[in-house]
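Hi,

Here is the structure I promised to pass on.

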Amino acid sequence: TISPTPILDDAAVRVAVRARPLLERELSENCQECVMYSADRSEVTVGKERRFTFDHVFGPHVGQEEVYMACVKPLVESCIAGYNATVLAYGQTGSGKTHTMGSANSNFLQEHELGILPRVIRQLYKSIEEENRAEFLVKCSFVEIHNEEIKDLVHPETPSKSIFIREDANGDLVLAGVREEVVTSFEDMMKFLEIGSTYRTTGSTLMNQHSSRSHAIFTIIVEQRSIEESSDIDVITAKFHLVDLAGSERAKRTGAVGVRFKESITINSGLLALGNVISALGDERKRGQHVPYRQSKLTRLLQDSLGGNSRTCMIACISLADINQEETLNTLKYANRAR
Ligand code: ADP
Ligand code: MG
């Protein structure tokens with residue numbers, strides 16, 4: 001595998017904030033909005049004085065397509081050009097991560113409701129069809145990290161113990177033990193998403209807790225081989241990770257005992273490690289600082305697709321409701337470290 005020429009981008013990680021509208025329940029409970037955004041979509045203010053600046057700030061009326069066009073479409077294009085990319089949805093449970101990422105079954109959604117994943121898949125196959133200088137092979141996998149264990153959501157019979165992350169001879173990270181499926185059409189990849197997401201939401205009796213404490217990682221691997229005679233490039237491989245992160249809320253200490261307590265601490269450490277990696281990436285240029293990828297499975301798995309030559313976008317999802325003000329502030333502080 002040969003890498004394409006490096007691209008220079010001034011920002012290692014781009015950060016967007018997306019606020020979801022108040023839900024019926026919040027309206028009926030008379031919740032008030034506690035977040036304001038500037039007209040130029042760059043600033044967000046929580047309460048009276050906490051103001052933050054981000055690459056994009058999307059208010060509650062910004063739809064799925066606009067979020068996709070601004071944050072993700074350029075990453076699909078660079079993936080076709082051979083660069084790794086990662087999109088992360090961060091935020092407290094109920095803030096809109098799964099809605100934004102489109103990482104649940106999307107079969108019954110209307111066009112305007114489609115999240116990022118179906119749009120990426122559609123764009124990918126469209127670009128491949130239009131490209132006549134190369135042949136493409138597309139593979140994907142869908143895994144979940146829960147309690148530092150990796151589960152293959154599409155082949156749930158695979159024991160977590162037989163899945164591990166290793167580096168191959170080219171320095172690329174490989175998920176050994178996870179079956180990567182070759183997928184040849186939009187419909188087939190949507191089916192793959194449906195199977196994995198269905199497993200994710202029915203696999204556990206305490207399922208809401210389970211899915212809010214785990215990271216779901218949908219990975220698309222795009223291999224291309226030039227069919228032009230003059231070309232000396234062999235195969236270019238690019239990876240696109242789409243990550244629906246665990247809920248960022250602090251674990252409630254009351255009642256959290258034994259296994260559950262261990263669980264909540266472990267999940268927090270994944271997000272903690274990600275925060276450390278992303279903030280080190282921002283500092284890297286200045287100080288040549290060490291980037292602590294090995295602190296968690298999540299960051300290890302994403303290592304070759306965060307920083308370096310890859311493009312990353314984090315979408316911090318927030319609620320507008322005043323009852324969530326503290327968590328919203330925590331989310332914005334976390335996202336702010338990434339800048
Ligand atoms: P999370 O995955 O962060 O726990 P969800 O994506 O499940 O949150 O969203 C919680 C609820 O809010 C869902 O009912 C979802 O449909 C709704 N929702 C989230 N974001 C939006 C949005 N931008 N517009 C309309 N409804 C939204
Ligand atoms: Mg969710």
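A word on terms before the tour: helices (H or I, at least four residues) and strands (E, at least two) are DSSP runs, numbered from the N terminus. By that count the protein chain has 10 helices and 14 strands.

Keep in mind that this is a predicted model, so local features need pLDDT of at least 70 and side-chain atom pairs count only at pLDDT 80 or more, while totals for chains, interfaces and linings use all residues. Residues are numbered from 1 along each chain as its sequence is written, and chains are lettered from A and ligands numbered from 1 in the order in which they are written.

On confidence: pLDDT is the predictor's confidence in each residue, from 0 to 100. The protein chain averages 87, and 87% of the residues score at least 70. For the complex, the predictor gives an ipTM of 0.99 and a pTM of 0.92. Where pLDDT is low, the predicted coordinates should not be read in detail.

Now the inside. I call a residue buried if 20 or more other C-beta atoms lie within 10 Å of its own, exposed if 12 or fewer, and partly exposed in between, with C-beta atoms placed from the backbone. On that basis 40% of the 339 residues in the protein chain are buried. Strand β1 (residues 13–20) has eight of its eight residues buried, so it is largely enclosed by the rest of the structure. Both faces are covered: Val13, Val15, Val17 and Ala19 lie on one side, with Arg14, Ala16, Arg18 and Arg20 on the other.

What does β1 pair with in the parallel sense over eight bridges? That partner is β14, where Ser319 stands opposite Arg20. (Two strands pair if DSSP finds at least two bridges between them.) β1 also pairs in the parallel sense with β5 (residues 56–58), over three bridges, and there His56 stands opposite Ala16.

For an antiparallel case, go to β7 (residues 134–146) and β8 (residues 149–152), joined by four bridges. Glu144 stands opposite Lys151 there. The two strands form a hairpin with two residues between them, and Asn147 in the turn has a positive phi of about 55°.

Contact means C-beta atoms, placed from the backbone, within 7 Å. Leaving out residues up to four places away in sequence, Met314 touches Val13, Val15, Leu88, Tyr90, Ala335 and Ala338.

Helix α3 (residues 73–80) has Leu75, Val76, Ser78, Cys79 and Ile80 buried. Their cover includes β6 (85–90), α5 (116–130) and β14, among others. After α3 comes Gly82, with a positive phi near 110°.

Finally, ligand 1. A residue is near it if its C-beta atom, placed from the backbone, lies within 6 Å. The residues around ligand 1 include Arg20, Lys97, Thr98 and Cys317. Helix α4 (residues 97–101) gives the largest share of that shell, three residues.

Cheers

Note on methods:
Contact = placed C-beta atoms within 7 Å.
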